[in-house]
Each structure stands twice: as C-alpha cells, then as structure tokens.
Amino acid sequence: MKPVDIAELGAEPLPEAEVVVVGAGAAGITIALELARLGREVLLLEGGREAPDPRLQALHEFDCVGRPMRPNYLPRLRQLGGTCNLWSGRAMRLLPEDLRPRSAVPDGAWPIEPAELESLYLEAERILGLPGPGAFAAERWLAAASPAERALLASGRLVPRVSLWAVRPRRFARDFAAEIRQSPRIRVLLGGQAIGLRETAEGGRVEAVRLRTLEGRDLEVRGRAIVLACGGLENARLLLLSTDRRPEGLGNGSGLVGRFFMDHPRAVWGRVELAPGAVMRILLGRPVPGGKVQLGLAAAASIRAERGLLHHYVTLESEQSSYAREQYDVAVQVAKRLLRRGHAGGRLDLRGVLAGRTPDLLYLLTPKEILPHWAYRLLWSARERLPRQPRVERFVLVHFCEQPLDPESRVTLSDRRDALGAPVLRLDWRIQPEVVRGMEVLAGLLGEELARTGLGRLLPDAGEPRFTDASHHMGTTRMGTDPRRSVVDPWGRVHGVANLWLAGSSIFPSGGHANPTLTILALALRQARHLASNLSSL
Ligand SMILES: Cc1cc2nc3c(=O)[nH]c(=O)nc-3n(C[C@H](O)[C@H](O)[C@H](O)COP(=O)(O)OP(=O)(O)OC[C@H]3O[C@@H](n4cnc5c(N)ncnc54)[C@H](O)[C@@H]3O)c2cc1C
C-alpha cells in the first residue's frame with residue numbers, strides 16, 4: 001500500500017495490526033516484506049519520511065562521552081530506508097569461528113548454529129544483489145590470485161577474508177518501494193516517532209507503542225506482536241525509555257540493556273612496501289561480474305586461539321584511498337549533499353563547503369565512480385594486461401577490528417531532552433587495550449611473511465593508532481539463552497516479554513570480524529519466519 005503520513009491521519013484510533021514493525025531500515029523492511037509474503041498483516045512504522053528532513057534527523061543526535069564518533073559523518077539516518085540510504089555496501093559473512101565460544105570473547109558465542117546461518121546468508125546475498133552464489137568462498141578468488149598473493153598465504157599463518165560489493169549498494173526504500181506498495185498486507189506510516197512501549201497491567205506483554213509527532217500529537221499503535229528495528233542504538237534507547245511499569249526499562253531485569261556497545265574500530269596504521277614485481281590483484285580489490293571483491297588478511301584461527309586474540313583483519317589500500325585520506329569523509333559528505341540535497345539538511349552553502357577541498361572532490365571522480373560497471377571492468381582488465389615496469393610500491397595498512405565484551409562501553413539516557421521531550425542517548429564508547437594488541441600481532445605476522453617470502457617489508461607507524469568508528473552499532477541488547485546474561489532470546493524475543501522482538505545488530509552477542517548488515521538481513525529473515533509461525537499462539 002502507498003505510505004501514509006501521520007500528519008494526514010484523522011483523530012480516530014489506528015486499527016490494531018497483526019505485527020507492528022517499528023523502523024523501516026534494512027532490518028525493518030526485510031522483516032515486513034517476509035511477513036507479508038508469509039500472509040501476515042504488517043504495520044510498518046517509520047519515524048522518517050521519504051525525503052530527508054533535518055528536524056527529524058536532529059532526533060538522532062546523541063551525546064558522546066567516551067570515544068568520539070568520526071566527524072562529518074551521519075552514523076544513522078532518520079529516513080524511510082534507514083541508514084542504508086548512505087551505507088557503503090561492503091558485505092561480509094561471519095564465519096563459524098565468529099559464532100563459537102572463543103577465549104578472546106568469553107560469553108560472546110552466538111546461540112545459532114553456523115549451518116543455519118549459511119542458508120540464510122544465501123538469501124540475504126540475493127537481497128543485496130551481491131555477486132554469487134559461492135562468491136564468499138575465498139578459494140574461488142585465490143585461483144585468480146597473483147603468485148605473490150599465493151606466496152603470502154602459503155604458510156597458512158595469514159588467512160583471507162572476503163568482502164563483496166554489489167554494483168550499486170542496495171537502497172532499501174527505493175529498491176523495494178514497488179513491492180511494498182503492491183503488497184495488500186503492508187501499511188506504511190511515516191513521521192511517527194516511537195517514544196516508548198506500554199506494558200499491560202499484568203506485565204509480560206507490550207500493549208501499545210507510544211508515538212509522538214514533532215507537532216506534539218500523541219498516539220498509540222497496537223499489534224499482536226511488536227518488532228523494534230530502529231538500529232543498534234535506538235532499540236536500546238526505546239527499552240530504556242519504557243519505564244511505565246519498570247524504572248529500569250522494559251526487558252532490563254538483567255541490567256544489560258545498553259551495555260556491551262561494540263563497533264568495528266578502524267585505523268590506518270603502518271605501511272607495506274612491496275618489492276618490484278610483487279603484484280597484488282585480489283588483495284587490492286577488483287571488479288568482478290556483478291560487483292567487486294577484495295580479500296583482507298587475518299591471523300589464522302589457531303594463532304588467534306593460542307594467543308587469545310580478537311578477530312581483526314587488514315586490507316592493503318592505495319595511499320590515495322578513502323581510508324588514507326583524512327579529508328575523504330568530508331568529500332563524501334559534500335558529494336552526498338550535492339547529489340541528494342543533503343541528509344544533513346538545510347540549504348547548501350557551496351562556497352563554504354568547497355573551500356580548500358577541491359583535491360578531495362577530484363578523488364571522487366575516479367573511473368570506478370564515474371564509469372558504468374562493465375566499462376570499469378574492461379578498463380581494469382586492459383590495465384592488468386599492460387606490461388608494467390617493476391618498481392617498489394607502497395600501500396597503507398587498514399585495520400578493521402573486533403572489540404571484546406566490555407560492560408562499561410555502553411548506551412544510557414542523558415539528562416538532555418530532544419524536541420519530543422524524550423531523553424537523548426548518551427554513548428560511552430570504549431576501545432580496549434586488547435584491540436591494539438591484536439593489531440600489533442597481525443601487523444607483525446604480515447611483516448614476518450613479507451620478509452620470509454621476499455615480497456617486501458612492513459613499515460610500522462610510530463605511536464598509537466588513530467581510530468575511527470565504522471557506524472556498526474552492535475551488542476546493546478544482546479542475544480542469548482540465559483536471561484541473566486542477555487536481553488533477547490535466540491530468536492530476538494525480549495526475555496520475559498511475550499510479544500516483543502528486537503531486530504538488527506543490537507542483538508549481536510559479539511561483533512566478529514564482519515561488517516554487520518548482511519548478518520542483520522539473515523537474522524531478519526529468520527526472525528520473520530519464526531514470528532509468522534508463532535503469531536497465532538501470542
Ligand atoms: C556511512 C556508513 C557506511 C556504512 N557502510 C556499511 C558497510 O559498508 N557495510 C555494512 O555492513 N554496514 C555499513 N554501515 C552500517 C549499516 O548502514 C547498518 O548496519 C544498517 O543500516 C542497519 O540497518 P537497521 O535497519 O538495523 O537500522 P537503520 O538502517 O538505522 O534503520 C532504523 C530505522 O528506524 C527508524 N527509527 C529509528 N528510531 C525510531 C523511532 N524512535 N521511531 C520511529 N522510527 C525510528 C529510522 O528512521 C530508520 O529508518 C554503514 C553505516 C554508515 C553510516
């Protein structure tokens with residue numbers, strides 16, 4: 001059905017839905033579509049609207065009291081389609097070893113069998129339009145690797161980690177608009193902000209989702225089941241805001257709501273100098289039919305287990321890459337504002353934005369950005385065939401890090417209130433010493449392998465790594481079987497609340513090495529199916 005704006009609704013109460021899904025980002029849209037395919041009626045409630053709106057986006061501002069988030073970036077979006085309106089589209093699978101018990105992340109095991117996730121990943125990959133199937137098998141790409149790349153991996157001390165991109169990153173609101181509109185089972189309501197959940201008098205069930213508009217109108221929506229899919233930070237905030245019957249917040253008997261916040265800290269740290277003739281192909285990323293692939297490098301599982309290391313990986317990137325150029329973030333924001341008239345909102349002051357940043361904008365005009373995918377592939381393979389003068393080449397080392405479970409890295413409510421009168425989020429993000437130790441070991445291993453094979457050498461950076469976040473908000477409502485040590489059960493249902501599910505990376509019990517969105521989709525499909533088959537008993 002066509003989305004309806006809350007401003008267009010009359011005074012009559014909204015009809016009860018079978019399932020109310022709050023938040024229409026990647027998770028919420030995937031769940032709503034799957035429930036509708038399974039014959040369930042869904043009310044998809046989204047705080048944002050189809051176009052960016054600065055007043056709504058301001059509701060996503062939060063106080064940072066720990067590590068700052070990267071400047072010039074919006075870490076999440078209050079808009080139909082959610083944060084995937086601006087994501088980069090890098091997809092990675094968690095590996096079975098990420099899900100199993102590990103000494104580096106005690107209590108971080110996932111209550112899901114790797115085999116179950118495997119088949120869900122195949123479906124999630126189709127949703128994202130990734131190259132495949134089989135494209136996450138590193139062996140497939142190693143067959144096309146250069147002799148230097150094979151030599152680097154030959155000892156087995158370093159292992160490859162596959163990242164894939166679709167030709168275009170999936171934009172959920174745009175790409176699934178037709179299916180949503182054509183479905184008679186999905187109603188979309190825009191512009192209504194969830195400000196908490198009301199529990200029934202006897203407890204143990206959600207009676208209604210409380211909504212407020214910026215104009216100060218209060219409403220409630222009711223459903224047999226409620227799914228919160230508001231992102232890794234907001235899911236926790238909504239539970240903490242739901243204090244009608246419990247001062248600690250709904251589902252927070254364990255005191256764990258908001259704790260164990262994790263991201264994937266990133267840092268450019270160290271350089272690699274490759275000997276003349278040591279050609280790298282897949283490690284630098286290359287276009288392939290249907291998208292792009294890049295292999296990163298991690299320490300072998302046996303080394304990580306033996307030394308109690310987190311699951312980090314590194315990629316080699318050109319010194320001109322987005323990671324190496326500090327101003328690149330600014331350039332991306334500028335380009336996005338130009339192209340879509342600004343998620344940050346307001347009229348664009350071009351002179352102010354462009355001043356002194358022309359070189360960064362030029363970086364965006366690379367063949368990859370401006371050519372169609374087929375032409376870019378042709379150019380790439382032509383370049384590979386050209387004879388090259390052997391010369392020393394340098395690359396920066398980009399570290400992508402997992403975090404350990406730290407209860408003090410957390411989300412709470414601030415004393416400050418937003419335009420709706422609700423306390424804003426207060427984020428205390430911490431990066432632990434183990435993260436840096438893992439980076440040192442991984443860089444050291446790479447240096448040893450480069451030296452052993454004669455392929456080059458590592459040029460370490462002096463000083464501490466300068467981390468940025470990756471807008472991967474995980475862990476604040478963790479999943480598990482024990483209600484004392486987790487917030488939701490293995491299906492994402494809040495312990496002790498019969499009809500409330502949480503979807504998205506807030507339920508990840510540990511971060512693993514992979515970017516989260518592919519796993520968010522896999523879990524969303526799983527949750528929708530579980531919910532659909534249990535709805536009649538609720
Ligand atoms: C710049 C950037 C690059 C990224 N790149 C990658 C990448 O390459 N790979 C990757 O895996 N991940 C990436 N991510 C992370 C990725 O975008 C998120 O994992 C993903 O969007 C999360 O989807 P979600 O549906 O759980 O949450 P969201 O997309 O945040 O959706 C939540 C929805 O809920 C709505 N909402 C929130 N609060 C309320 C409320 N109170 N009431 C009503 N509605 C509400 C929001 O408006 C939004 O539409 C990136 C993120 C950023 C910012």
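Keep in mind that the model is predicted.

Let's start with the ligand. The shell around the ligand holds 36 residues. Ala-27, Glu-46, Thr-83, Arg-90 and Thr-517 are the closest. What kinds of residue make up that shell? By class, there are 15 nonpolar, 16 polar and five charged residues.

Thr-517 has a side-chain N or O atom 2.9 Å from an oxygen of the ligand. Gly-89 uses its backbone: a polar atom there sits 3.3 Å from a ligand oxygen. Glu-234 faces a nitrogen of the ligand, with a polar side-chain atom at 3.4 Å. How much of the ligand does the protein bury? Alone, the ligand would expose 1000 Å², and the protein buries 97% of that.

Next, helix H4. Helix H4 runs over residues 114-128, which is 15 residues. From first C-alpha to last, H4 reaches 20 Å. The expected figure is 21 Å, at 1.5 Å a residue, so the two values are close. Which residues of H4 are buried? They are Pro-114, Leu-117, Leu-120, Tyr-121, Ala-124, Glu-125, Ile-127 and Leu-128. And what covers them? Just past the end of H4 comes Gly-129, with a positive phi of about 70°.

On to Asp-428. You'll find it in strand S17, residues 423-428. Buried or exposed? Asp-428 counts as buried, because its relative accessibility is 14% and the cut-off for buried is under 20%. Its side chain makes a polar contact with the side chain of Arg-430, at 2.8 Å. Setting aside neighbours within four places in sequence, Asp-428 touches Val-65, Gly-66, Glu-408, Ser-409 and Arg-410.

Last, Leu-371. Leu-371 sits in the loop between helix H14, residues 367-370, and helix H15, residues 373-385. Its relative accessibility is 33%, so Leu-371 counts as partly exposed. Beyond neighbours within four places, the contacts of Leu-371 are Tyr-376 and Leu-379. How far is Leu-371 from Pro-265? They are 106 residues apart in sequence, and 31 Å apart in space, C-alpha to C-alpha.

That's the tour.

Methods. Residues are numbered from 1 along each chain as its sequence is written. This is a predicted model: local features need pLDDT of at least 70, side-chain atom pairs count only at pLDDT 80 or more; totals for chains, interfaces and linings use all residues. Side-chain values use heavy atoms; hydrogens and water are left out. A residue is near a molecule or strand if one of its heavy atoms lies within 4 Å of it. A polar contact is a pair of N or O atoms within 3.5 Å; within protein, one must be able to donate a hydrogen and the other to accept it, and residues adjacent in sequence count only if both atoms are side-chain atoms. Accessible areas come from the Shrake-Rupley method with a 1.4 Å probe; for residues, only the protein chains shown count as cover. Ala, Val, Leu, Ile, Met, Phe, Trp, Tyr, Cys and Pro count as nonpolar, Asp, Glu, Lys and Arg as charged, and the others, Gly among them, as polar. Helices (H or I, at least four residues) and strands (E, at least two) are DSSP runs, numbered from the N terminus. Buried means under 20% relative accessible area, exposed over 50%, partly exposed in between (1.4 Å probe, protein chains only). Contact means heavy atoms within 4.5 Å.
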